[in-house]
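Me: I've got this one open on my screen. Can you walk me through it, starting with the aromatics?
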Amino acid sequence: LNTTNTTASAMTFGGTTYTTTGSQSYTAGAGGLINTSGTVGFTTTDNPITFATGTLTPAAASVVSLTAGLGAISVGPVNGGATTTLHFINTGTVTTTSTVTIGTLDFTTPSGISIANDITTLTSGLTFPSAVTLTGNAIITTPNQPLVFSNTINGARTLSLQAGSGLITLSGNAGNSTPLTSLTLNTTNTTASAMTFGGTTY
């Protein structure tokens, strides 16, 4: 296929890979569901993948892979259980435009990650391998598992990191170009490099 642009009140994808050379866009409408079951792939050749509206809802044990090469990936609400997995596989940008709840979430090496709302993993730790930009206030939560930011975090928003007994690691500066409004770390184990709040580095 060249391009997929799908709009429906609800849609279901199961057990296969949907491949296009062009972009992919899925719109389920306000309150609609984008359901997946089994192992599902959405793949483009260096073109965007966009879940515009509607909630991406993986069934139990569903594994969803979004593969876009140089293309950008954007997802809205995600609502998965403890046995679900979401893979972002691209070197373009990754954008979350709403809340994300999933068992396991991982990234390859996107050029940047934009976060607009809360992200919760129910089973695994979570690593952000690229620079993070906050476009909304966010609470990032793992279930007593490591929470790692391997690059910078910027954006005039509040950020709360909740890892229980998991280790929180900030390897890059926080607020070096755009200071955060506030940063809260809640864990029994924390390591961090420089953090900037309102022009002051700690």
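Me: Which residues form one aromatic cluster?
Reply: Phe13, Tyr18, Tyr26, Phe42 and Phe51. Rings of Phe, Tyr and Trp (its six-membered ring) pair if their centres lie within 6.5 Å. Planes under 30 degrees apart are stacked, over 60 edge-to-face, the rest tilted.

Me: Before I go on, what am I looking at?
Reply: A predicted model, where local features need pLDDT of at least 70, side-chain atom pairs count only at pLDDT 80 or more, and totals for chains, interfaces and linings use all residues. Residues are numbered from 1 along each chain as its sequence is written, and side-chain values use heavy atoms, without hydrogens and water.

Me: How many aromatic pairs does the structure hold?
Reply: 10. One of them is Tyr26 with Phe51. Their ring centres are 5.1 Å apart and the planes sit at 25 degrees, so this pair is stacked.

Me: Which strands do Tyr26 and Phe51 lie in?
Reply: Tyr26 is in β4 (residues 24-27) and Phe51 is in β7 (residues 49-53), so the pair ties together parts 25 residues apart in sequence. Strands here are DSSP runs (E, at least two residues), numbered from the N terminus.

Me: Is Phe51 buried or exposed?
Reply: Buried, at 2% relative accessibility. Buried means under 20% relative accessible area, exposed over 50%, partly exposed in between (1.4 Å probe, protein chains only). Tyr26 is buried too, with 2%.

Me: What about Phe42 and Phe51?
Reply: They make an edge-to-face pair, 5.4 Å centre to centre with 90 degrees between the planes. Phe42 is buried, at 0%.

Me: New topic. Which residues touch the most other members of the largest nonpolar core?
Reply: Leu66, Phe128 and Ile140, out of 43 residues. Such a core is a set of buried Ala, Val, Leu, Ile, Met, Phe, Trp, Tyr and Cys residues joined through side-chain atoms within 4.5 Å. Strand β23 (residues 158-170) gives the largest share, five residues.

Me: What does Ile140 contact?
Reply: Beyond neighbours within four places in sequence, its contacts (heavy atoms within 4.5 Å) include Ile115, Phe128, Leu147 and Leu161.

Me: And Leu66, what stands opposite it?
Reply: Phe88 in β12. Strands β9 (residues 63-69) and β12 (residues 85-90) pair in the parallel sense over six bridges. Pairing takes at least two DSSP bridges.

Me: What sheet are β9 and β12 in?
Reply: An open, parallel sheet of five strands, ordered β3-β6-β9-β12-β15. β3 (17-20) and β15 (104-107) are at the edges with a single partner strand each, so one side of each has no neighbour in the sheet.

Methods
Helix = DSSP H or I, 4+ residues; strand = E, 2+ residues; numbered from the N terminus.
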